[in-house]
Amino acid sequence: MIRLEFVVKGIPVSANNKDWAPWQERVRQAARAAIKEEDEIYGECRGILVYFYFGSTTLDVDNIIKPISDALSGIAYYDDRSVGEWIARKTDLDQTELVDPPAVLVERLADRVAARQPFVYVCVVDEAPNHVELPK
């Protein structure tokens, strides 16, 4: 079940960049804006999806996770140690077309997708996505 989903416009900051603060504040603002008053957000978190849509980048997908994870602590979950699974992906907007995008993208970002302007889609879920069990 989706607990929280939102979009942050722009290019994420890498974990290798020492100045995370402005990016983390943008993530926090986007998350808080997406929270409905009646939603109970705190608690354990089973999984987080982070999809970075870009035009051109040298960022490694694994390096965009940590700043986002830290920014969501105290907003989407008590502490990022409770996150059981991360799924991260980057997609070049110049080489792909969004098919069946989540409603939050359709509602808020049709113009950004059409203009090929970078953004990050974040989805916090109560249940980790299906995965393959390794044989014992």
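Helices (H or I, at least four residues) and strands (E, at least two) are themselves DSSP runs, numbered from the N terminus. With that in hand, welcome to the fold.

The model is a predicted one, so local features need pLDDT of at least 70 and side-chain atom pairs count only at pLDDT 80 or more, while totals for chains, interfaces and linings use all residues. Residues are numbered from 1 along each chain as its sequence is written, and side-chain values use heavy atoms, with hydrogens and water left out.

**Confidence**

pLDDT is the predictor's confidence in each residue, from 0 to 100. The protein chain averages 80, and 79% of the residues score at least 70. Helix H1 has the highest confidence, with a mean of 93, whereas helix H3 (residues 103-115) has the lowest, at 69. Where pLDDT is low, the predicted coordinates should not be read in detail.

How many of the residues of E4 are buried? The count is 7 of 7, where buried means under 20% relative accessible area, exposed over 50%, and partly exposed in between (1.4 Å probe, protein chains only). In a regular strand the side chains alternate between the two faces of the sheet.

**The nonpolar cores**

A nonpolar core is a set of buried Ala, Val, Leu, Ile, Met, Phe, Trp, Tyr and Cys residues joined through side-chain atoms within 4.5 Å. The largest one has 27 residues, and the members that touch the most others are Phe6, Val27, Ile48, Ile68, Leu72, Val122 and Val124. Two or more residues come from each of strand E1 (2-9), helix H1 (21-34), strand E2 (47-54), helix H2 (65-72) and strand E4 (119-125). H1 gives the most, with 5 residues.

Val122 shows how these parts meet. Contact here means heavy atoms within 4.5 Å. Leaving aside neighbours within four places in sequence, Val122 is in contact with Leu4, Glu5, Phe6, Ile48, Leu49, Ile68 and Leu72. Apart from this core lies another, of 11 residues, among them Tyr51, Val113, Tyr121 and Val125.

**Salt bridges**

Side chains of opposite charge can pair when their charged atoms come close. A salt bridge is a side-chain nitrogen of Lys or Arg within 4 Å of a carboxyl oxygen of Asp or Glu, and by this rule the count comes to 4. Three of these are listed below.

| Pair | N to O distance |
|---|---|
| Asp70 and Lys66 | 3.0 Å |
| Lys66 and Asp80 | 3.5 Å |
| Asp79 and Arg81 | 3.1 Å |

Asp70 and Lys66 both lie in helix H2, 4 residues apart, about one turn of the helix. Asp70 is partly exposed at 25% relative accessible area, and Lys66 is also partly exposed, at 41%. Why does the pair of Lys66 and Asp80 tie together parts that are 14 residues apart in sequence? Because Lys66 lies in helix H2 and Asp80 in the loop between H2 and strand E3 (86-92). Asp80 is buried, with a relative accessible area of 18%.

In the remaining row, Asp79 is partly exposed at 27%, while Arg81 is exposed at 73%. Salt bridges that share partners join Lys66, Asp70 and Asp80 into one network.

**The loop between E2 and H2**

Leu59 lies in the loop between E2 and H2 and is buried, with a relative accessible area of 14%. Leaving aside neighbours within four places in sequence, Leu59 is in contact with Ile11, Pro12, Ser14, Phe52, Ile64 and Lys90. Leu59 and Val13 are 46 residues apart in sequence, and their C-alpha atoms are 8.5 Å apart in space.

Asn63 is found in the loop between E2 and H2 as well. Asn63 is buried too, at 13% relative accessible area. With neighbours within four places in sequence left aside, Asn63 is in contact with Val13, Ser14, Ala15 and Asn16.
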